[in-house]
Amino acid sequence: MNTVNENESFLERHHYLLRRLHSLSGIVPIGTFLMIHLTTNSSIVWGLMDGKYPNMHGGAATYQHEVNFIHSLPLLLLIEIFGLWLPIAFHAGLGVVYALSGSNNVRRYKYQANWRYALQRLSGYIGVLFLFYHVATLRWGWTFLMPGNTKWDSEFAASTMALALRGETDGFTAVGMAVALFYMVGVSLLVFHMANGVWTAAITWGLTVTETAQKRWGYVCAGLGAGLMAAAWASVIGFATLDYDKAREAEEYIGGGHGSQILEAENESVRHSGAAGSEAVR
Amino acid sequence: MASSNGTVQATTRTVRFRIERSDGPGRGTRWEIFDVPVASGGEGSGSANVISCLQWIAAHPVTVEGRETTPITFDCGCLEEVCGACTMVINGKVRQACSCLIDDYAPNEGDEITLEAMSKFPTVKDLFVDRTRLFNDLKRIKGWVPIDGSYNLGAGPRETPDTQQVRYKLSECMSCGCCLEACPQYTLEVEPSGKGFVGAAVISQARYFNEHGTGSTLKKDRLDVMSGVGGVSDCGNAQNCAKACPKEIPLTESIAAIGRSTTFHRIKQFFSGK
């Protein structure tokens with residue numbers, strides 16, 4: 001039955017493989033990265049409770065420490081291109097093709113799963129726009145798209161992130177407010193997209209066959225979604241509301257570094273925090 | 001049924017039908033409104049259903065404006081919700097017209113019921129659609145048990161009570177098309193392409209025959225189709241199918257089960273090269 005038909009398009013010939021790679025790429029590497037990314041970013045809040053840097057903005061210090069670690073990774077650009085940008089482009093591009101093959105009938109069939117079906121596609125569309133803005137402004141340095149034409153700087157990671165969301169050091173500019181809201185909506189939709197995607201992937205691959213299993217896995221995915229949502233909101237709110245000067249102070253103390261400087265800076269920060277920590281105990 | 005002793009007094013009420021009509025494929029649609037008298041309040045008055053009302057409209061083809069029109073065309077068969085022929089969209093949702101009781105849908109004088117043809121199949125006329133694609137897709141997945149041979153094949157393998165339990169439910173599918181009408185991934189094909197999404201009913205039938213002892217000899221062929229264009233991977237997990245199914249067949253379980261089968265099938269194929 002499997003006759004080769006030259007009238008078939010590339011998408012048709014590799015239909016199943018592409019569908020499954022689309023599903024897989026959403027979990028590894030994109031979903032996995034999202035979890036790591038939100039954990040790192042939310043350090044702007046959980047860093048405050050960490051107590052590792054008691055005499056400064058612990059969030060900004062912890063976040064700077066994390067950013068320094070990421071920037072010390074070898075072949076970072078290759079990791080970004082092959083681990084993130086290409087998989088995201090693949091997932092988003094195919095996703096749009098697949099989404100356009102469907103239709104929307106939630107007005108007639110108002111079932112919860114049908115709403116999620118529609119929202120999964122909507123969150124994909126808006127999510128990819130958000131991601132493009134996010135990467136273009138913060139990673140590729142398209143400052144003309146930034147509120148107040150500021151620039152994100154990995155050596156002053158938290159304070160320049162605050163500027164990217166606010167447009168100024170204190171309070172919000174109008175554009176800044178719009179960007180901050182876009183971030184809240186964007187990350188919320190993407191977290192939903194991931195949690196719901198993990199739920200449907202289990203059906204797609206045949207992991208959860210029975211309704212009971214699908215329901216159980218649904219609770220797991222809802223829990224995952226709630227946790228990631230908390231991290232996402234903590235990140236955006238944390239950066240949007242931080243004290244610019246205090247963050248700056250913490251960043252200068254930690255010291256953003258390049259290459260060999262990193263290790264030194266890290267060791268130093270550990271030594272400092274160790275000393276400060278023991279002082280605090282005393 | 002009329003009351004046996006004839007003492008019960010039945011009054012009538014008027015039920016208004018808004019019907020989307022069409023003269024044929026590609027000829028556009030128009031709305032027509034009919035008032036239908038329905039027995040009310042007497043013993044046995046609850047027997048009026050959408051089909052009996054359509055029969056009345058076909059016999060009295062006059063709209064509420066008093067304009068004479070053509071008799072309404074619709075499809076029906078068993079009148080007990082087992083053949084699926086009278087499937088249509090009633091008040092915006094797909095279901096069988098014969099089991100749609102007027103007392104449930106329009107209990108009061110002047111209540112309205114809206115009828116539309118299924119949107120996912122080509123319209124033949126009015127409420128009558130052509131579901132050939134569904135039949136063709138069942139042929140595509142070889143939805144049968146191969147028992148023909150040049151000699152007596154003997155008795156087939158025994159079925160365990162467990163698989164029987166699962167398969168009995170799947171066997172209740174009447175190919176009515178409710179799951180396809182409600183599915184956001186299933187779209188109308190005016191010209192059959194043979195590549196369109198087969199939909200929940202057909203996926204469930206592939207599972208039904210794959211899990212049959214003798215039917216499973218065609219399992220590989222079915223999974224080839226199921227893992228191809230229009231197969232199970234075109235499902236978007238909106239899960240409307242299981243909600244729309246009048247027989248409450250666990251269609252989403254069938255989709256996941258076939259998803260699992262195709263996963264193993266394709267991995268095996270990848271490594272065996274067959």
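**Exercise 1.** How many helices and strands does the secondary structure of chain B come to?

*Solution.* This is a predicted model. Count the elements: chain B has nine helices and seven strands. Next, take the extent. The C-alpha atoms of chain B fill a box of roughly 70 × 45 × 40 Å along the principal axes. Then check burial. Of the 274 residues in chain B, 42% are buried.

**Exercise 2.** Work out how strand β1 of chain B is paired.

*Solution.* Start with β2(B). Strand β1 (residues 11–22) and strand β2 (residues 29–40) of chain B run antiparallel, joined by 12 bridges. Within this pair, S22(B) stands opposite T29(B). Finally, turn to strand β5 (residues 112–116) of chain B. Four bridges join β5(B) to β1(B), and these two strands run parallel. Here F17(B) faces I113(B).

**Exercise 3.** Which residues touch the most other members of the largest nonpolar core, and where does this core lie?

*Solution.* The core holds 113 residues, and A158(A) and C179(B) touch the most other members. Helix α8 (residues 174–204) of chain A gives the most to this core, with 12 residues. Domain 1 (11–128) and domain 2 (131–272) of chain B both contribute residues, so the core lies between them.

Now list contacts for A158(A). Leave aside neighbours within four places in sequence. The contacts of A158(A) then include I44(A), G59(A), A60(A), Y63(A), F239(A) and L242(A).

Definitions and conventions:
Residues numbered from 1 in each chain as written. Chains lettered and ligands numbered in written order. Predicted model: local features only at pLDDT ≥ 70, side-chain atom pairs only at ≥ 80, totals over all residues. Buried ≥ 20, exposed ≤ 12 C-beta atoms within 10 Å, placed from the backbone. Core = buried A, V, L, I, M, F, W, Y, C linked by C-beta atoms within 7 Å. Domains from an automatic or database assignment. Contact = placed C-beta atoms within 7 Å. Pairing = 2+ DSSP bridges.
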